[in-house]
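Good morning, colleagues. Please have the sequence and the coordinates open while I speak.

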Amino acid sequence: MIEDLRRLEREALAAIAAAAGLDELEQVRVRYLGRREGRISAVLRRLGRLSPEERPAVGAAANRAKTAVAEALKNRLAELEAVAAPDRDGVDLTLPARGRWRGTIHPVSRVIDDIWAIFRSLGFTRARGPEVDTEWYNFVALNTPLDHPAADEQDTLYLGPGLLLRSHTSPVQIRTMEQYPPPIRIIAPGMVYRRDTYDATHTPAFAQIEGLVVDEGVTFVDLKATLAEFARRFWGPGTRVRFRPSFFPFTEPSAEVDVKRVIVREDGADEETDWIEIMGAGMVDPAVLDNVGYDSERYTGWAFGMGPARVALLRHGVRDLRLFYENDMRFLGQFR
Ligand code: DAH
């Protein structure tokens with residue numbers, strides 16, 4: 001009988017280990033330990049018929065088998081319950097973990113960083129100025145009379161008499177020259193504000209990057225060569241640059257700068273894009289140098305202003321400027 005008990009115990013332990021679910025495990029329990037039909041229970045029930053000499057050894061063996069099987073049932077039950085937990089309290093430990101939120105640099109900030117890195121390597125430093133500024137810095141010192149349309153309340157957001165949200169980063173030119181003597185070589189990125197309609201190509205708040213160089217002997221050749229070099233480093237060596245005559249109150253002569261990029265088509269062939277306007281630029285008007293107390297007979301300079309959101313638009317093939325300023329995580333999360 002003791003041999004039978006050992007065999008039953010081995011069989012029971014194997015069946016418990018193999019049980020794949022709670023129902024199956026319950027069947028195993030009934031088969032071996034069930035009150036009426038359990039095979040180990042049956043042995044225990046028959047102990048009374050054994051002789052007093054046999055009884056203690058068989059009884060001890062039967063109890064040992066019962067305890068071992070009961071213990072194995074309990075452990076397997078806990079295992080199966082952990083896996084089958086959604087049945088009990090809605091937690092499914094087999095589900096994949098939730099992804100972590102990873103931050104990313106805003107596409108417009110990335111364009112600013114890339115532009116800045118190029119000019120830094122050309123010897124420029126970074127400057128900044130306030131977003132709330134005065135009519136003097138935003139217009140008058142930049143040779144823009146207050147009856148100029150740009151200074152009109154239709155176009156500029158005034159905060160009070162003579163006080164406004166800067167409509168461009170050009171006032172940083174004035175503030176920098178007031179603070180430092182020449183030579184000047186600065187890049188000044190920042191937000192600017194205009195009373196514009198909110199549509200696919202206009203937002204009332206947007207980023208700009210200003211550039212300014214002032215030194216002895218600076219000419220239009222320096223302007224062209226530096227901006228062409230910038231364009232080739234930013235868009236690639238095949239990029240072509242075009243300077244169209246234009247007008248800004250603070251530069252004379254003034255230009256609008258266009259680039260023609262080379263893009264690789266899907267079939268691998270090179271293709272040139274249309275001309276795309278990327279910035280305004282020009283030789284600093286001597287009147288501006290006079291306004292900051294520079295000797296305009298001795299010093300000359302050039303400047304430019306560029307919209308990095310427009311550059312980001314081109315870079316990513318995005319059609320609507322508003323996407324860059326609405327901070328929708330579904331949009332921004334794509335620029336990893
Ligand atoms: N401030 C001009 C604008 O907002 C852009 C600009 C044009 C800046 C020519 C310059 C410049 O420094 O030389 O439209």
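Is Gly 333 buried, partly exposed or exposed? With a relative accessibility of 26%, Gly 333 counts as partly exposed; buried means under 20% relative accessible area, exposed over 50%, and partly exposed in between, with a 1.4 Å probe and protein chains only. Gly 333 lies in the segment after H12.

A word on conventions. This is a predicted model, in which local features need pLDDT of at least 70 and side-chain atom pairs count only at pLDDT 80 or more, while totals for chains, interfaces and linings use all residues. Residues are numbered from 1 along each chain as its sequence is written, and side-chain values use heavy atoms, with hydrogens and water left out. Helices (H or I, at least four residues) and strands (E, at least two) are DSSP runs, numbered from the N terminus.

I turn to helix packing. Two packed helices are described by the angle between their axes and the distance between the axes. Here the axes are lines fitted to C-alpha atoms, for helices over the stretch in contact, and angles run from 0 to 180 degrees between N-to-C directions. Angles under 35 degrees count as roughly parallel, over 145 as roughly antiparallel, 65 to 115 as roughly perpendicular and the rest as oblique.

H6 and H11 pack at an angle of about 105°, and their axes are 9 Å apart. H6 is therefore roughly perpendicular to H11. On the H6 side, the contact (heavy atoms within 4.5 Å) involves Pro 107, Val 108, Arg 110, Val 111, Ile 112 and Asp 114. H11 contributes Pro 308, Ala 309, Val 311, Ala 312, Arg 315 and His 316.

The axes of H6 (residues 107-121) and H9 (residues 220-235) come within 10 Å and cross at roughly 130°. These two helices are therefore oblique to each other. Among the residues that meet are Val 111, Asp 114 and Phe 119 in H6, and Leu 227, Phe 230 and Arg 233 in H9.

Next, the surroundings of Asp 133. This residue sits in strand E2 (residues 132-134) and is buried, at a relative accessible area of 2%. Its side chain makes a polar contact of 2.8 Å with the side chain of Arg 175. A polar contact is a pair of N or O atoms within 3.5 Å; within protein, one must be able to donate a hydrogen and the other to accept it, and residues adjacent in sequence count only if both atoms are side-chain atoms. Leaving aside residues up to four places away in sequence, Asp 133 also touches residues including Gly 162, Leu 164 and Pro 171.

Pro 171 belongs to helix H8 (residues 171-179), where buried residues also include Val 172, Ile 174 and Met 177. The elements covering the buried residues of H8 include E2, strand E5 (184-193) and strand E12 (300-306).

Finally, the backbone. Most residues other than glycine have a negative phi, and most peptide bonds are trans. A cis peptide bond joins Pro 182 and Pro 183, with omega about 5°; Pro 183 is in the loop between H8 and E5. Another cis bond joins Glu 252 and Pro 253, with omega about -5°, and Pro 253 is in strand E8. Asn 143 has a positive phi, near 65°, and is partly exposed at 29% relative accessibility. Asn 327, in the loop between H11 and H12, has a phi near 55°.
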